[in-house]
Amino acid sequence: MRRIWLSGLLLAAAVAAGFLFFTERPLTVAIVQPEHDVALRIYGLCTVEARILSRVGFEVGAALTRLSADAGDSVAKGQELAILHSAEQEARVARAGAAVTANEANLAKADAAVVRARAVLAQREAANRRQQGLALRDVASVQRAEEAQRDEDVARADLAVAEADVAVIRAQGLDAAAALRQEEALLAHHRLVAPYDALIVARHAEPGTVVKAGDAIFTLIDPATVWIQAYVDEERAGQLALGQPGTIRLRSQPAAEFHGTIARIGIESDRVNEERRVWLTCADCPAEMFLGEQAEVRILTGTRASALMVPEVAITGFDGHRGTVWTVQDSRLARVGLTFGARDDRGRVEVTGGLPEGAAIVTSPPKGAAEGRRARVGEAP
């Protein structure tokens, strides 16, 4: 029995020693080291887009008779792109032109009538004056004087009618001219031209196709307005500002690094992805860019002369401003609540306050970490 009890005591002592060894032995931890000249960057996924993109088509419907450009072509402002069948509209223009010509002839006739009416009025006025003078001297009868006055009044009325006819015909001429301009404008709509110096991205129709008004025939972009559209997590978007620089890597050229500047920050976030859209102009991007190409951007939001940057994975209960970390104080582990500031593109957050004097922040708490557990600083396993 004494041997059994002795063996039991030795086993209990060995278990206690093992427990103390595994629970009280110092843990080796890595700590956050102060850094100098820290660049704070925000990461975002991007696509190549164009600020000015137009899907152009005709304002009228008809059959396409000719297409003068194709995808990939560069076109100048005013250059012809496509033509619609226009025989019917040309006939309308000719008809409107004939109406204008007829109106001009009617106007000339009315002007001649006014001249004639003025001549007749002058003759009747002279005759009336003679008859009135003779009647005053009792040489002519009063009846003849009244007839002469009536003839003058009739001639004056005829002149007024002739002048009114001229005004009516002039108004009709304005209407005919407006109708002609309208038909000519509709005829011009049968010819599609480039609205600006552009690059053709796509052609959506072929000759012979009957298109409706508003159907897209070409997709155009202004190559001078190609920029990068980036999507940034809302949690990090608060640090963004216009004019901040960014480095861009295109998926087709992963070894090259291009430089851009924030030109616009979207005022509406994506409600599904919880991301904010940012647009960057690119100063040295390739001359040939491909719309929709994937890219990555890292936007420089600020720098710090000196900072403690803690990995986000080392923070528990992090709400974007406050969180708890493990620290080493007097060679023992302790949990401390800290306040944090800016983030970077490496998943780290800047410590702004709450760190006790002489304490060091643990970058990655090892298994078995507990309050008061002994720890020594070294390379984490």
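## The largest pocket

By class, the residues lining the largest pocket are 14 nonpolar, one polar and one charged. Here Ala, Val, Leu, Ile, Met, Phe, Trp, Tyr, Cys and Pro count as nonpolar, Asp, Glu, Lys and Arg as charged, and the others, Gly among them, as polar. A pocket is an open set of points on a 1 Å grid over the protein atoms alone, where a 1.4 Å probe fits, with protein on both sides within 12 Å along at least five of seven lines; lining residues have an atom within 4 Å of a point.

The largest pocket holds about 360 Å³ of space, a volume being the space filled by probe spheres set on the points, which are joined across faces, edges and corners. Of its 16 lining residues, Leu199, Val226, Ala287, Glu288 and Met289 are the closest to the centre. Strand E8 (residues 198-203) gives the most to this lining, with three residues; strands (E, at least two residues) are DSSP runs, numbered from the N terminus.

## How the model was read

This is a predicted model, in which local features need pLDDT of at least 70 and side-chain atom pairs count only at pLDDT 80 or more, while totals for chains, interfaces and linings use all residues. Residues are numbered from 1 along each chain as its sequence is written, and side-chain values use heavy atoms, with hydrogens and water left out.

## Cysteines

A disulfide is a covalent bond between the sulfur atoms of two cysteines. The rule used here asks for a pair of cysteine sulfur atoms within 2.5 Å, and it gives a count of one disulfide. Cys282 and Cys285 form it, with their sulfur atoms 1.7 Å apart. Their link is right-handed, with 90° about the S-S bond.

What about Cys46 and its nearest cysteine sulfur? Cys46 is in no disulfide, and that nearest sulfur, belonging to Cys285, is 10 Å away. Cys46 is buried, at 1% relative accessible area (buried means under 20%, exposed over 50%, partly exposed in between, with a 1.4 Å probe and protein chains only).

## Salt bridges

The whole structure has 22 salt bridges, each a side-chain nitrogen of Lys or Arg within 4 Å of a carboxyl oxygen of Asp or Glu. One of them joins Glu312 and Arg343 (3.9 Å, N to O). This pair links distant parts of the chain, 31 residues apart. Glu312 is partly exposed at 22%, whereas Arg343 is buried at 5%.

Glu125, Glu152, Asp153 and Arg156 are linked in a salt-bridge network.

Definitions and conventions
Helix = DSSP H or I, 4+ residues; strand = E, 2+ residues; numbered from the N terminus.
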